[in-house]
Amino acid sequence: MLQTIPSCDAQLFSAQAVAEARQRFFSGETAPQGIAAPILRSWTRCVAHGLPAGGRLPAEPLGAGELRQRREKAESLRRRCRPELEALHADAAVTGSLVILTDPTGLVLDTVGSADFADRAAKVALLPGVSWSESVLGTNAIGTALVERRPLEVRGGEHYAEAHGILSCAAAPILDPYGDVIGLLDLSGPAAVAHLHAMGLVQLAVSQVEHRLFEGAFPGLDVVRFHADASFLGTSREGILVFEDYRLVAANRPGLAQLGLGWDALKSRRYSDLFDGSLGRPGEDRRVRSTTGDTLHARVERQPARAPAPPSTPRAAPAAGPRPVAAPEPCFDAATEQALGRAVRLLEAGVPVLIQGETGSGKDIFSRQMHGRSSRAGRPFAAVNCAALPEGLIESELFGYEDGAFTGARRAGFKGLLREADGGILFLDEIGDMPLALQTRLLRVLQEREVTPLGGGKPVPVDFSLVCATHRDLKQLVDAGAFRADLYFRIAQYTVALPALRHLPDREALVHRFWRELAGGAPAPALSAACVEALARYSWPGNFRQFVGTLKVLHALADPGGSLGPEALPAELRDSALQQPQTDTRPSAPDEAPHAPGGACMGDDLQAVTRATIQAALAACNGNISMAARRLGIHRSTLHRHLAATPGHRKPS
């Protein structure tokens with residue numbers, strides 16, 4: 001329903017009331033008048049999170065690659081929401097607003113609308129790739145609507161962070177047929193403008209998205225569409241219930257609301273509990289009486305069952321055009337291959353393995369090779385990047401949760417990666433970034449070999465082999481009090497130090513091998529000797545990730561039958577080609593045997609080279625963190641972590 005247009009005096013009073021309530025709240029009054037209950041609850045949660053109300057809260061956007069992966073993961077949602085985004089686009093442009101689609105965590109996936117307001121919104125990080133979770137950015141329509149699981153408006157001073165007071169936002173979560181949040185639509189504009197119908201427009205768009213989720217989604221099941229007014233059948237306001245053998249298994253919000261039910265009715269109610277009489281024949285329009293005494297117009301559909309998939313047959317190769325080729329994986333030299341064999345043997349003996357190496361040096365590949373060569377190869381490989389997940393999600397991802405453990409939890413709960421890894425291997429990447437509180441819980445799991453999910457429940461026994469990885473010096477973090485010493489001694493019983501790409505021997509042969517593999521069996525364009533030499537001599541601060549990416553760019557730019565010289569290289573590689581060849585020695589081989597973790601985890605030269613490379617990049621970029629991170633081929637947050645671990649480093653002014 002669209003809002004009633006308030007008078008200017010009412011709007012002014014509302015803004016004044018919010019300002020006064022805000023002042024009273026931050027003065028210590030727990031329940032100030034003049035503020036909506038959901039906003040007050042959110043402010044209280046923000047205080048509990050320790051978020052500052054003044055200034056600007058940090059909002060670090062994902063890198064382009066990470067955002068692309070999150071968008072690909074949510075492609076089905078984005079496709080279903082596209083008509084609504086386009087429909088709201090026109091209204092957003094007229095009112096100077098922005099239409100926003102997020103994933104279930106509040107990560108902004110897409111924005112469309114007023115270009116002028118988009119520029120102003122970007123100043124408070126309202127742009128793709130930024131998480132607007134309430135626990136990160138305080139009270140806001142996106143994050144708070146997800147916590148409250150309800151449509152919500154947050155205008156001006158109702159935002160917890162003062163910097164967000166320029167916004168007026170209306171958001172509504174998108175629920176799937178099982179009641180789980182799968183995304184959110186938001187309409188945001190300048191707080192100085194009265195957006196009278198924003199909430200109604202967003203709710204209408206969300207109801208249409210949810211209505212389309214039932215199209216062809218329940219083959220072989222009975223779908224009952226109903227409403228008290230026959231003219232609403234076929235619209236987004238009709239009730240929809242899905243029955244499997246007369247048991248309710250899915251529904252939409254209008255359907256549950258018309259019968260006075262909640263989501264807990266799924267799988268607990270039968271058709272006879274809700275309606276009098278029989279289910280009826282598919283395609284038949286008829287009147288039915290609910291068990292509450294209401295007369296409803298109903299239509300039953302039996303969605304056709306999907307035919308079994310035909311046996312797969314080889315498809316003919318395309319007549320023309322390049323064949324997409326997977327990027328080559330990092331290759332291991334003889335010493336690293338030996339270390340891999342030892343790591344597998346120790347893993348089989350129940351010894352945890354810690355992999356250390358620079359970003360992009362192949363730690364994930366090494367761990368997957370360990371899995372593939374171990375006796376657990378046919379069992380799960382559960383991987384979690386402790387640096388990529390927000391702190392509030394790491395705990396639930398690892399330990400899982402029971403039904404109803406927190407607002408927004410899946411109805412059936414989630415067993416978590418520790419239990420997913422049962423019988424196989426648990427890989428904790430970037431474990432140096434794990435919060436201290438979770439380190440304590442992880443240590444208890446490693447000691448007791450059982451997991452207690454969030455929200456209580458009985459402890460569940462688990463059996464997995466543990467592999468951890470980090471680019472950081474954990475011993476240094478232990479000394480600084482940022483990593484638990486007892487957990488360190490538990491996970492670092494055997495350490496493998498992966499060499500950086502610049503330390504590998506015969507790098508020219510490496511260039512030729514990767515270049516051929518990128519061609520995918522087709523004739524590869526030629527690389528001049530000078531180009532190969534420059535590629536082999538470059539220090540590659542981003543290691544294999546940067547190396548393979550550069551080769552893919554060169555491969556895309558090469559003309560068939562042509563030859564690429566140093567002039568085709570990126571600027572930093574061309575500069576390197578003009579320098580004198582540098583002598584470079586490979587560090588000592590990875591550990592020959594298990595060692596006491598009290599010693600250094602990585603060679604001093606690796607740390608020194610890392611620090612020198614970072615300082616050189618910062619100097620070349622005049623201290624600009626973002627520019628230096630792009631130059632190094634790493635994420636800005638990763639560079640910040642390196643700098644924080646560098647003794648004596650001060651943030652650039």
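I looked up Tyr271 and found it buried, with a relative accessible area of 4%; buried means under 20%, exposed over 50%, partly exposed in between (1.4 Å probe, protein chains only).

I noted that this is a predicted model, in which local features need pLDDT of at least 70 and side-chain atom pairs count only at pLDDT 80 or more, while totals for chains, interfaces and linings use all residues. Residues are numbered from 1 along each chain as its sequence is written, and side-chain values use heavy atoms, with hydrogens and water left out.

I checked the confidence next (pLDDT, the predictor's confidence in each residue, from 0 to 100). The chain has a mean of 78, and 77% of its residues reach 70 or more.

I then went through the aromatic rings. Rings of Phe, Tyr and Trp (its six-membered ring) pair if their centres lie within 6.5 Å; planes under 30 degrees apart count as stacked, over 60 as edge-to-face and the rest as tilted. I got 15 aromatic pairs by this rule.

The ring centres of Phe26 and Tyr160 are 5.6 Å apart and their planes stand at 55°, so I logged the pair as tilted. Phe26 is partly exposed at 36% relative accessibility, whereas Tyr160 is buried at 3%.

For Phe243 and Tyr271, I read 5.4 Å between the ring centres and 75° between the planes, so this pair is edge-to-face. Phe243 is buried, at 1% relative accessibility.

I also found Phe514, Tyr538, Trp540, Phe544 and Phe547 linked into a cluster by ring pairs.

Last, I looked at charges over rings (NZ of Lys or CZ of Arg within 6 Å of the ring centre and within 35 degrees of the ring normal). Arg22 has its charged end over the ring of Trp43, 5.8 Å from the centre. Arg449 lies over the face of Phe464, 4.9 Å from the ring centre.
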